[in-house]
Amino acid sequence: MSAEERDAADVIVVGGGTGGYSTALRAAALGLDVLLVERDLVGGTCLHRGCIPSKAMLHAAELVDGIAEARERWGVKAALEAVDWPALTATRDDIVARNHRGVEAHLSHAGVRVVRAEARLTGPRSVAAGGRAYTAARGIVLATGSRPRLLPGLVPDGRRVVTSDDALFAPGLPDSVLVLGGGAIGVEYASLHRSMGARVVLVEAADRLLPLEDAEVSRQLGRGLRRRGIEVLAGARMTAAETYQDGVRVTVVTARGETRVHEVARLLVAVGREPVTDGLGLEAAGLATDARGHVAPADWARLETAVPGIHVVGDLLPPPSPGLAHASFAEGLLVAEVLAGGSPRPVDYPAVPRVTYSSPQTASVGLTEEQARERGHDVVVNSMPLTAVAKGMVHGQGGSVKVVADRSGGPVLGVHLVGPHVSEMIAESQLIVGWEAEPADVAWHIHPHPTLSEAVGEVFLTLAGRGLHQSV
Amino acid sequence: MSAEERDAADVIVVGGGTGGYSTALRAAALGLDVLLVERDLVGGTCLHRGCIPSKAMLHAAELVDGIAEARERWGVKAALEAVDWPALTATRDDIVARNHRGVEAHLSHAGVRVVRAEARLTGPRSVAAGGRAYTAARGIVLATGSRPRLLPGLVPDGRRVVTSDDALFAPGLPDSVLVLGGGAIGVEYASLHRSMGARVVLVEAADRLLPLEDAEVSRQLGRGLRRRGIEVLAGARMTAAETYQDGVRVTVVTARGETRVHEVARLLVAVGREPVTDGLGLEAAGLATDARGHVAPADWARLETAVPGIHVVGDLLPPPSPGLAHASFAEGLLVAEVLAGGSPRPVDYPAVPRVTYSSPQTASVGLTEEQARERGHDVVVNSMPLTAVAKGMVHGQGGSVKVVADRSGGPVLGVHLVGPHVSEMIAESQLIVGWEAEPADVAWHIHPHPTLSEAVGEVFLTLAGRGLHQSV
Amino acid sequence: APAPPAPVSAERPLAKPPVRKLAKDLGIDLATVVPTGPNGVVTREDIRAAAAPPATLP
Ligand SMILES: Cc1cc2nc3c(=O)[nH]c(=O)nc-3n(C[C@H](O)[C@H](O)[C@H](O)COP(=O)(O)OP(=O)(O)OC[C@H]3O[C@@H](n4cnc5c(N)ncnc54)[C@H](O)[C@@H]3O)c2cc1C
Ligand SMILES: Cc1cc2nc3c(=O)[nH]c(=O)nc-3n(C[C@H](O)[C@H](O)[C@H](O)COP(=O)(O)OP(=O)(O)OC[C@H]3O[C@@H](n4cnc5c(N)ncnc54)[C@H](O)[C@@H]3O)c2cc1C
């Protein structure tokens with residue numbers, strides 16, 4: 001095949017992050033000729049600067065916390081002397097590198113042609129990259145993702161003022177940090193630094209942490225973080241940040257209107273993510289961004305823009321797409337199947353699980369209590385502390401299960417978990433919500449004993465009127 | 001109400017273990033007048049000598065293993081000096097005591113009358129206990145459970161030769177142990193002792209550990225235990241055991257016919273459980289045990305014996321009742337509902353999950369590959385190592401997912417997991433198998449990233465033809 | 001005039017959640033499906049059978 005011919009493809013995917021590579025792999029598996037253009041490393045944010053490195057570090061943090069628990073509760077005489085940060089990050093980076101090689105191998109094995117260059121749209125079916133022009137017979141998929149949002153006037157220096165990107169590559173952890181932003185990323189980094197021994201202040205402008213989650217989740221999480229010694233300031237505003245030789249002087253006005261000055265070695269800015277579209281040439285293809293910079297689909301069921309054949313996946317999408325890797329993955333599969341001529345099931349956004357890997361963890365799926373009320377449900381809620389089941393007592397870390405349903409019956413609306421290991425427990429509830437099961441459907445399954453998941457089971461038993469201990 | 005009147009009840013439950021107390025609580029919640037006779041402590045084996053104390057110790061063991069992982073993989077400089085066994089067991093016993101108070105409080109709150117005495121049947125509706133006679137208007141529930149099976153000529157002395165009962169109350173852990181029996185209890189105790197630093201030999205007569213589980217589970221588990229330094233001898237027989245001052249000399253003939261003599265500080269006999277019926281007066285009620293000592297129901301859907309009104313729950317039941325606490329619990333709910341005049345859904349035994357809390361853990365639900373073939377299925381299997389997903393690499397402990405299905409479609413037949421945290425992951429598969437979902441039903445749910453449960457998701461994606469990386 | 005439809009049982013038709021979901025996705029009202037499963041449970045096959053003839057659009 002000549003070079004010229006190869007400049008044509010069935011599908012061109014712009015961006016090789018989770019959304020892009022999953023589109024490419026699935027499209028190739030369905031027999032399409034796929035070109036993937038990535039200016040940096042395939043794997044994108046999630047693999048190189050997001051999910052994977054952060055969860056590797058948080059796993060190490062969990063082990064460090066376990067040493068304290070072993071000592072304090074279980075008579076295990078063990079002393080934590082120090083954390084060799086370069087050794088920790090070497091293991092983390094090795095995991096990232098192995099995953100990266102895995103993605104590269106899958107792409108190559110699937111026959112996806114990967115072009116390492118910056119891509120620019122030149123028309124509704126054409127892309128320029130690395131000095132060449134490519135045309136897409138079936139369609140173009142935009143998967144250029146997102147980057148940390150910055151605050152005006154607060155320029156990261158990679159040392160005292162950092163984003164989640166820089167925090168990864170800093171040579172060590174600071175002994176004090178102020179985390180600005182109580183979303184998932186801010187909460188996770190606050191938790192990580194605390195486990196590693198830092199003094200941590202966590203500042204969130206909304207009146208609670210994880211403001212998109214159920215209020216009970218925020219409450220339990222805040223309590224758990226505070227118990228670990230993190231200073232949580234919700235409803236607080238940063239009014240000034242001034243760097244000096246060894247740190248940053250951050251002025252915060254608290255919810256009560258008090259002004260506080262925090263001197264910390266590092267200020268971690270985690271105030272959200274913004275879509276990446278500069279230089280992408282959206283106009284040439286007849287597209288524009290929305291007010292917040294996202295590229296909105298005209299047809300959410302096909303994730304297709306107003307320009308036929310141009311699709312969007314991942315962090316580039318506006319809400320309700322949640323800016324999560326597995327949502328990007330689901331969107332990628334869907335778009336590939338659409339481009340191959342299929343009619344896949346649309347992404348059911350409320351049924352996409354949301355996890356925060358802090359200590360305690362949070363995990364949820366479906367509607368919050370508030371959202372259920374807003375949608376007109378006659379809401380009934382049942383909750384249970386994890387310590388009400390034996391395994392929860394063994395863990396001794398608190399936590400809770402909350403289920404949202406409608407009093408007049410019908411499917412479970414939402415499940416909200418806080419506590420150890422809930423990241424692995426939410427898959428069950430994802431099926432419950434996704435399959436629109438009712439509490440009684442769940443209640444004739446007795447969960448394995450002794451597990452934390454029994455608490456989930458007990459809440460459903462209670463909602464179904466089969467409970468032993470509680471009544472609704 | 002006079003004492004005489006109170007000698008009559010709607011329901012008499014004999015035995016206050018998991019099966020007995022769940023029957024009693026549910027029957028009371030349904031408005032029945034319930035008398036529960038327990039000769040020892042309510043909570044029974046599971047709470048006092050089984051699930052709870054063993055899982056408390058295994059949790060501590062996991063933390064101890066975590067210290068090694070933290071040091072070896074994550075640069076966490078921490079030294080394990082010693083384990084203060086009395087401190088560990090104090091926390092364990094405190095958890096048991098709090099659970100015990102919880103069960104007592106629930107029973108009392110529900111209005112269940114608890115008689116602490118040995119019960120003996122005196123007829124199909126009458127029981128003698130503590131010198132008094134009681135009659136049951138609706139029925140009697142036998143829930144006398146099980147105890148460790150002993151080998152002829154090998155009498156536990158609580159020090160060198162022990163069962164899982166004594167192992168709990170021994171003042172410390174031995175520095176070497178031979179565990180006889182590779183079922184769940186043997187595997188868990190072998191794992192526990194190894195985590196605490198003992199030299200461990202695990203001997204199983206069948207050709208593999210957990211012989212009731214899928215062969216792949218046995219293989220992965222054996223590999224995991226061996227990697228941790230446990231000497232696993234499957235297909236091996238103990239031919240002699242001779243105690244001496246400080247230990248036991250155990251002679252084992254291996255699968256290859258070699259004779260080996262192991263000198264260990266302790267021999268832990270975990271060769272199974274046997275039902276408890278002596279002195280129960282089954283004959284007076286017109287009942288007898290089966291060949292293996294169980295009391296078999298004539299009607300499995302109602303768990304009712306051939307004598308109308310006498311029901312059986314828990315470890316006293318023969319297979320397919322699996323001798324697990326949550327099965328006993330499910331049986332208790334069912335019998336209570338039957339006695340209250342309902343017609344509950346029978347227990348779906350293959351859909352009861354089975355968990356082993358060793359390191360690695362195992363968890364499964366539904367049919368093994370072999371069982372599926374025996375039942376005439378044209379079996380298709382898909383497996384995946386946990387290390388194929390990013391979180392599995394983070395854990396770095398191996399493990400696997402195996403799903404058994406029928407090539408011609410239809411419901412998922414079985415799910416078999418090995419690895420960290422699978423005890424909390426199996427609830428999802430319990431719903432998949434219990435609700436007879438097909439792989440394609442699961443495959444449109446994208447699991448949260450990064451989790452171990454993604455590996456479960458990927459196997460279903462592959463089986464449903466939606467996989468990115470594998471084909472069936 | 002056609003006879004009024006027989007009164008349907010007030011109880012919700014029985015089906016396992018993935019099957020109910022399938023019915024919903026195919027636009028089939030479970031109450032109109034003849035159950036063939038044990039204890040009057042609507043099975044996946046029942047749904048597929050109901051879906052097989054070209055459904056008259058509402
Ligand atoms: C610290 C952190 C932790 C996170 N943790 C989690 C988590 O635990 N779970 C979870 O689900 N999500 C997590 N996320 C979110 C997750 O990383 C994103 O949702 C996901 O990466 C989005 O994938 P994407 O493909 O849309 O974009 P990206 O991963 O951002 O990939 C976009 C790619 O496009 C490339 N690109 C951009 N423009 C061009 C161009 N013009 N030409 C060529 N290439 C271009 C970029 O180089 C990049 O590689 C986390 C994010 C962060 C920052
Ligand atoms: C070491 C170990 C670990 C285990 N781990 C797990 C686990 O992790 N998960 C799990 O699901 N299962 C586990 N099991 C199994 C679980 O303990 C049993 O399945 C469960 O206890 C069975 O409950 P039961 O009510 O049938 O019997 P039991 O719990 O044995 O209760 C029977 C009760 O009846 C009383 N009784 C007996 N005869 C009489 C009489 N004549 N009069 C009055 N009272 C009487 C006894 O004193 C006892 O309290 C474990 C068992 C052991 C030994």
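This is a predicted model: local features need pLDDT of at least 70, side-chain atom pairs count only at pLDDT 80 or more; totals for chains, interfaces and linings use all residues.
The size of an interface is often given as the accessible area lost when the parts come together. For chains A and B that area is about 7,900 Å², with 68% of it on carbon and sulfur atoms. On the chain A side, the residues that lose the most area to chain B are A:Trp74, A:Glu424 and A:Trp435, which together make up 11% of what that side buries.

## Links across the A and B contact

Now for the links that cross this contact. Between chain A and chain B there are 29 residue pairs in polar contact, counting pairs with both residues at pLDDT 80 or more. In a salt bridge between A:Arg466 and B:Glu337, the side chains meet at 2.8 Å, N to O.

Strands take part as well. Strand S3 of chain A (residues 76-83) pairs with strand S3 of chain B (residues 76-83) in the antiparallel sense, over seven bridges. If you look along this pairing, you will find A:Ala78 opposite B:Leu80.

## Where chain C meets chain B

Chain C also touches chain B, through six residues from chain C and eight residues from chain B. The area buried here is about 670 Å², and carbon and sulfur atoms give 53% of it. Which residues of chain C lose the most area to chain B? They are C:Lys16, C:Pro18 and C:Arg44, which together account for 64% of what the chain C side buries.

Chain C and chain B have four salt bridges between them. In a salt bridge between B:Glu438 and C:Arg44, the side chains meet at 3.1 Å, N to O. Helix H1 (17-25) and helix H2 (44-51) of chain C each supply at least two residues of the side that touches chain B, and the largest share, three residues, comes from H1 of chain C. By class, that side has two nonpolar, no polar and four charged residues.

## Side chains that tie chain A together

Some side-chain pairs join parts of one chain that are separated in sequence. The structure holds three aromatic pairs over all chains. The rings of A:Trp300 and A:Tyr349 have centres 5.7 Å apart and planes at 85 degrees, so this pair is edge-to-face. A:Trp300 sits in the loop between strands S17 (273-275) and S18 (310-312) of chain A, while A:Tyr349 sits in the loop between helix H8 (325-339) and strand S19 (354-356), so the pair ties together parts that are 49 residues apart in sequence.

Over all chains, the whole structure has 66 salt bridges. One of them joins the side chains of A:Glu118 and A:Arg39 at 3.1 Å, N to O. Here A:Glu118 lies in the loop between strands S4 (113-116) and S5 (119-123) of chain A, and A:Arg39 in the loop between strand S2 (34-38) and helix H2 (44-48), so the pair ties together parts that are 79 residues apart in sequence.

## A sheet in chain A

Chain A has an open sheet of five strands in the order S9-S16-S10-S11-S12, with parallel pairing. Its edge strands are S9 (161-162) and S12 (231-234), and each pairs on one side only. Within the sheet, strand S10 (residues 176-180) runs parallel to strand S16 (residues 266-269), and four bridges join them. A:Leu178 has A:Leu267 as its bridge partner in S16 of chain A.

## Strand S7 of chain B

Strand S7 of chain B (residues 132-142) has several partners to explore. Six bridges join it in the parallel sense to strand S1 (residues 8-14) of chain B, where B:Val13 is partnered with B:Val141. S7 of chain B also pairs in the parallel sense with strand S18 (residues 310-312) of chain B, over three bridges, and B:Ile140 has B:Ile310 as its bridge partner.

Strand S6 (residues 126-129) of chain B runs antiparallel to S7 of chain B, with four bridges between them. These strands form a hairpin with two residues between them, and B:Gly130 in the turn has a positive phi of about 55 degrees.

Note on methods
Residues are numbered from 1 along each chain as its sequence is written. Chains are lettered from A and ligands numbered from 1 in the order in which they are written. Side-chain values use heavy atoms; hydrogens and water are left out. Buried area is the accessible area (1.4 Å probe) that two parts lose on being put together, summed over both. A polar contact is a pair of N or O atoms within 3.5 Å; within protein, one must be able to donate a hydrogen and the other to accept it, and residues adjacent in sequence count only if both atoms are side-chain atoms. Two strands pair if DSSP finds at least two bridges between them. Rings of Phe, Tyr and Trp (its six-membered ring) pair if their centres lie within 6.5 Å; planes under 30 degrees apart count as stacked, over 60 as edge-to-face and the rest as tilted. Contact means heavy atoms within 4.5 Å. Ala, Val, Leu, Ile, Met, Phe, Trp, Tyr, Cys and Pro count as nonpolar, Asp, Glu, Lys and Arg as charged, and the others, Gly among them, as polar.
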